[in-house]
Amino acid sequence: MESFEQIYHRACERKGGEASLQALMPRLVDNKAIEQYSDAQLLSEISKKVFQCGFVWRIVDNKWPAYEQAFFNFEPHKVLMLSPEQLQQRASDENLIRHLKKTMAIYDNALMIHEVKLKHGSFAKFIADWPSDDIIGLWSELKRLGNRLGGNTGPYFLRAIGKDTFLLTDDIKGYLKAHNLIDYGFTSKSGLKQVQAVFNAWQQESGLSFAEISRIVACSVGDNRI
């Protein structure tokens, strides 16, 4: 296993120096700030990440004001009043993206947020309180409780709201495989536990956040899919 210092220096060389690499670091906020997000803000961001998966992100961003209008600014209790027929109408709206399953996921994830709020007092608090040294556990919960939040969709949502998480981009997976740091598949519980252990070790060595470590590893190899 390489030291993280070696990885960091290689990333600096590939990106044109330490200052250039630092400029690429992702935005994070503390847990108190995450707790301030409203349910509507979180449902909007979850829904955007669901639609961006496998699609051109810029197109989704351009259409998002129309989504805010069509889905009552993503207030979960209002979304949950939509009938299946009304959801189908929105899935065929030319001002939106015509994808029935992703449109239905807005409803399902509104229900997830509502149910988590009943149990934990706040969906935002549920996310903020989750320990980073088991961030794969939060990925698993989002996938289990929500709709279409598996793969990197859940982690990209967490990254978007500033929750500290690493990502499993192709470059990062390639690095872990090439250095024999994982024995199982990246979708298996055993494999994800191994990945978490590697990132925990890098964090202890470097003192950096998972988001920073993830970005630095991605910049140190491959095509820099960050």
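## Exercises: salt bridges and a helix contact

A search of the whole structure finds six salt bridges, a salt bridge being a side-chain nitrogen of Lys or Arg within 4 Å of a carboxyl oxygen of Asp or Glu. The model is predicted, with local features needing pLDDT of at least 70 and side-chain atom pairs counting only at pLDDT 80 or more, while totals for chains, interfaces and linings use all residues. Residues are numbered from 1 along each chain as its sequence is written, and side-chain values use heavy atoms, with hydrogens and water left out.

**Exercise 1.** Locate the salt bridge of Lys117 and classify the accessibility of its two residues.

Solution. 
- Step 1: The partner of Lys117 is Asp39, with 3.4 Å between the closest N and O atoms.
- Step 2: Lys117 belongs to helix α8 (residues 100-120) and Asp39 to helix α4 (residues 39-52), so the pair links parts of the chain 78 residues apart. Helices are DSSP runs of H or I with at least four residues, numbered from the N terminus.
- Step 3: Buried means under 20% relative accessible area, exposed over 50%, and partly exposed in between (1.4 Å probe, protein chains only).
- Step 4: Lys117 is partly exposed because its relative accessibility is 39%, whereas Asp39, at 14%, is buried.

**Exercise 2.** Describe the salt bridge of Glu141 and Arg144.

Solution. 
- Step 1: The side chains meet at 2.9 Å, N to O.
- Step 2: Both residues lie in helix α10, three residues apart, about one turn of the helix.
- Step 3: Glu141 counts as buried because its relative accessibility is 18%, while Arg144 is exposed at 56%.

**Exercise 3.** Characterise the contact of helix α10 with helix α13.

Solution. 
- Step 1: The axes of α10 (residues 135-145) and α13 (residues 189-206) come within 9 Å and cross at roughly 145°. Axes are lines fitted to C-alpha atoms over the stretch in contact, and angles run from 0 to 180 degrees between N-to-C directions.
- Step 2: Ile135, Ile136 and Trp139 of α10 make the contact with Leu192, Lys193 and Gln196 of α13, where contact means heavy atoms within 4.5 Å.
- Step 3: These residues divide into four nonpolar, one polar and one charged. Ala, Val, Leu, Ile, Met, Phe, Trp, Tyr, Cys and Pro count as nonpolar, Asp, Glu, Lys and Arg as charged, and the others, Gly among them, as polar.

Technical notes. Helices (H or I, at least four residues) and strands (E, at least two) are DSSP runs, numbered from the N terminus.
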